[in-house]
Every structure is written in structure tokens, then in C-alpha cells.
Amino acid sequence: MSRLNHADGDDLISAANGMDLAYERFWAVRGRVAGVRVDLVSQWDSASGRAMLDHLETVENALAQVGAALTIMADKLRAHGNVVNTARDSVRDLVVQGYTDPLSVTDSDIDAVLQDFLDSEQALTTDLWTYGALAPGAIPLPEPPPRPPGDWKTILFGDGYPAGWYWLGEDGEYPDPDDFDWGDDFEPGTYDPDNPLYGYDEWGNLVPAYQAGMPVPMEVQEASVGSGLLKLLGKAARGAGATASGARAIGQSADDLAALIRGSYGWRPSHIDRHIREWYRLADDAPVQPWMREEFLETVVQAGVRQGKVFQWSLRGESGAQSTYSVLRYTNGRWMVSQYYASGSRAGEFATAFEPTARQLARMLQQAAIR
Amino acid sequence: MGLDTGGGYDTPYIDVDVESMRDAAEELAGTANRLVGHVDDLMEKAALPLAALAPDADVYRAYAFWWGRWSALLETAEPAIRAAAATTAGAADGFTTVDENGRIELTLPESG
């Protein structure tokens, strides 16, 4: 029910309409590029001209592929959006009916509506994974939590798996490291369709590893360090060694995270006040009020505590690009992204928080979805 | 097609129309500019499902995966078109320095 409450069918339909419009526009752009290409055949007949024709044809193909992906997914998002709206209306009607005539409504009536919603959501999820995998570029494996500690022989001699190994074979068991075909070009962080690895999705189904929300069965995960921002920060800080960092001792509460952020270099007024001014639409020289700083901090904290999805995203700073753990928060119609250093001397500390543009949002997803 | 009388793509000749190439470059540059606006509009719309789907659900991760991968390909298009425009304009300028009439026919030396 909470998932249905969160879902917004109208937004999904609006996104679908935007994708359909984009498809038409990209088709027109593709036509213009094709027109130029055809003209150039006679206008620029040389080796360099022919190289240009090939280049333009590649661009046309890319636009055609993106257009096809958009129009296919627009239909599916719209269909799910309609299911969401219908389910919400049906549940509301059943609740109203239950008030007026309690005996006429049973739990199974509501369950049936919710099941339709969940069936639609699962179908959409499958389509998104399937069509997403068709896009160019290698598929990354999510960063798994560390394996649970083994016995003394494992500690002393290792267990034969690459560092951080956590994935399963097609049978749901850990593959035998002696028998598994790692391939000549094995890369630990990349999904190899020829040697697929598996994990579990949120419904407990064994799925290709890049689709896995829970890489290992829950009972094993609970015995080890799980995912989630707070645990990742603690892990990053411990990995950074002796450098002082509040993240090393971070617990699981919002208070811990708030204390960590306040003590981080990224929270210094000369840096964060600029983002707070942007968030509250203040002039560049306007003073930041204490309540603004507290409210902004609370939004950052809530994003870190509640968000289930952590992206890795490079942050460009004075010392070059640095990997960060980033979380998104959508609140009152606006996005906020908050970032924490994943490595380096400040590993585990708060880095920054700001309102991203739609392009920045997409680029954050790109880093998580393409290797 | 000028001197290309049956030689196909292996012809040792080049045949260029400099003015038309400049027009083509302008058309490509204009197309790239239009595409920027179209992509911005789409980016706004494509972000909506991230707010409309529960962030701890698989469907959220699946949408992030789908849009992350396809938006990356989309973002290659505009710079590629702009680069094509610049290259075409640059090539037209280069040819013009050879023949100010705007149309040249050169016989290139045989390779090898």
C-alpha cells in the first residue's frame, strides 16, 4: 500500500507524453541530418567527405535507436501510470464504501487491486531491465557488500574468489572458483553476459546480477555489512585508514548522520552557504539564516537515511575527480542530490549537496548504468 | 558527381562544392542547437518517474538503469552533430584557399 501511495500515475503519463514528443522531434532532427548527408555525397566527394558521411550515418542511427527506446518505453510507462491511477481510485472507493457499509468490503477486495498494481509494476520492471540492457556500453555490477568473515583458513589463505566477491551462479549457489569460467578478459566490476552471475531481486527471484537488489540471501546479508548509505560510509571510512573521520564510528541514526555532516569539510560555510542560497533562491550576497541551514541539513539527512538507492558519481574538485556515494531526494517538487566521499583522505565524509539539473540527474544515472 | 565517372569510392579524384558545404555546415549547426533544446525538454520529463516511483523499489533501480544507459547515447548526438558542422565548415574553408571560385577539381597522386 505504501508503494501505491508513493506512485504517481499522472507523472508517469506526463513522462510518457514527453518521450513521445521527443521521439517526433528526434525523428525530425534525424531527417535533417540525413538530408545534409545525402547532399554531401555530391558536394564533398573525397576520402574525408566519405568519412563525414559515415560519421553522420552513425549519428542518425544513434538518434533512431534512442527514438525507438523512447517510444517503446513511453507506451509501457503510460500503461503503468493508468494502472496506478485506477488502483488508487479503486482503493479510495473501497475505503469509502467500507465506511458506509463495513461488511461489504473485505481485505481480499483491496488485495486484488494491489495485486494488479504489483503485477503491472513487476512487468514494467522486467521491461526496463530488458530494454536498458540493449543500450550500447558494458553493464556494471553493483558494488556488493563485503563477504561475511570466513573460517581461519579463509582468513589466512583466502577463499579463491576475487576481492569483494559476492555473486551467485545460475543454481543460486556460490560458483566453485576452480570450475567457474572467469574468461580471459574477466573484470570484477563488469557484468559478462557470456559468464553470467546472479543475485536476488526484492521478490526473492534469482536474477542477473546487475538487476539484483539484494546480492545475497537476506539471512546471509544480515550477518554481514549490508548496503545502504550509512553502512557504505562506515566502510569507506574504515578503508581510508587512520585519517580522522566521524564516519568511522557512524551508527544507524539520523542524529549520527547530522553530526557527521556538521563535522565534514563539505559543510564549511564558504562552500555550503552557496548551495543553501541556491536552494532558497537567495541573492549571492544575502545572509543565510540559521533556520535555513538547519532545514537544509534536515533535508540532506533525510535523503541519506531514507533513500534506498546509492549512486556512485564522480565529483570534480580542486584535486581532480573523486568518487562519491550520492543519494537523491525529491521533496516538494524539487530534487536534491547529496554526496559523500567514497575514497581518499576524506572517505565517508559529507562532500556537498545541491539542487541538480535534469541533465546532472541523467549523468548520475549514466555513471551507475554504464561501465 | 563531377569527375567520379564510374570510379565509385575508389576514385583518385575529389569533387567539392564549397558553398554548398558551408550551407550544410550551417544546417548541421542549427540542427545541433535545436537538439539541445529538445534534449533539455526530454530530460525534465524523463526525471519525473524517479519521483513517481518508490526509491527503495526494484522498479526505481530498473528505471535508473534504463534511462541512465539510453540518455548516455542521446547525449552523444548533439556534440557529434556540432563536431560534424565544425569539420565541414573547416574543410570548406580549407578548399577555398585552393580555389576562390568555390569549386575545385583536383587530381590526387596515386597512393603507394
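Reader: Thanks. What angle do α11(A) and α1(B) cross at?
Author: Helix α11 of chain A, residues 358-369, crosses α1(B) at roughly 60°, and the axes come within 8 Å. Axes here are lines fitted to C-alpha atoms, for helices over the stretch in contact, with angles from 0 to 180 degrees between N-to-C directions. The two helices are therefore oblique to each other (under 35 degrees is roughly parallel, over 145 roughly antiparallel, 65 to 115 roughly perpendicular, and the rest oblique).

Reader: And which residues of α11(A) and α1(B) meet there?
Author: From α11(A), Ala358(A), Arg359(A), Leu361(A) and Ala362(A) meet Met43(B), Glu44(B) and Ala47(B) of α1(B). Contact means that two C-beta atoms, placed from the backbone, lie within 7 Å. By class, this contact has five nonpolar, no polar and two charged residues. Nonpolar covers Ala, Val, Leu, Ile, Met, Phe, Trp, Tyr, Cys and Pro, charged covers Asp, Glu, Lys and Arg, and the others, Gly among them, are polar.

Reader: Zooming out, how many residues does each chain give to the contact?
Author: Chain A gives 64 residues and chain B gives 59. On the chain B side, β1 (13-17), α1 (18-52) and α2 (58-96) are the elements that supply two or more residues. The largest share, 25 residues, comes from α2(B). That side of chain B has 38 nonpolar, nine polar and 12 charged residues.

Reader: Back to α11(A). Is Ala369(A) buried or exposed?
Author: Ala369(A), in helix α11 of chain A, is buried, with 25 other C-beta atoms within 10 Å. The cut-offs are 20 or more other C-beta atoms within 10 Å for buried, 12 or fewer for exposed, and partly exposed in between, with C-beta atoms placed from the backbone. Beyond its neighbours within four places in sequence, Ala369(A) is in contact with Gly132(A), Ala64(B), Phe65(B), Gly68(B) and Arg69(B).

Reader: What does Gly137(A) touch?
Author: Leaving out residues up to four places away in sequence, Gly137(A) touches Ile370(A), Arg69(B) and Ala72(B). Gly137(A) sits in the loop between α4 (107-133) and β2 (139-140) of chain A. With 14 C-beta neighbours inside 10 Å, Gly137(A) is partly exposed. The C-alpha atoms of Gly137(A) and Arg371(A) are 6.6 Å apart, although 234 residues separate them along the chain.

Reader: How many helices and strands are in chain A?
Author: Chain A has 11 helices and nine strands. Both are DSSP runs numbered from the N terminus: helices are H or I with at least four residues, strands E with at least two.

Reader: At what angle do α3(A) and α4(A) pack?
Author: Helix α3 of chain A, residues 47-100, packs against α4(A) at about 165°, with the axes 9 Å apart. The pair is therefore roughly antiparallel, and the crossing is left-handed. Their contact divides into 13 nonpolar, three polar and five charged residues.

Reader: And how do α2(A) and α3(A) cross?
Author: Helix α2 of chain A, residues 9-43, crosses α3(A) at roughly 165°, and the axes come within 8 Å. That makes α2(A) roughly antiparallel to α3(A). The contact of α2(A) with α3(A) has 27 nonpolar, eight polar and seven charged residues.

Reader: Last one: where does pLDDT stay under 50 in chain A?
Author: Over residues 216-227 of chain A. The score is the predictor's confidence in each residue, from 0 to 100. Where pLDDT is low, the predicted coordinates should not be read in detail. Chain A averages a pLDDT of 82, and 81% of the residues score at least 70.

Methods: Residues are numbered from 1 along each chain as its sequence is written. Chains are lettered from A and ligands numbered from 1 in the order in which they are written. This is a predicted model: local features need pLDDT of at least 70, side-chain atom pairs count only at pLDDT 80 or more; totals for chains, interfaces and linings use all residues. A crossing is left-handed if the near helix is turned anticlockwise from the far one by less than a right angle, and right-handed if clockwise.
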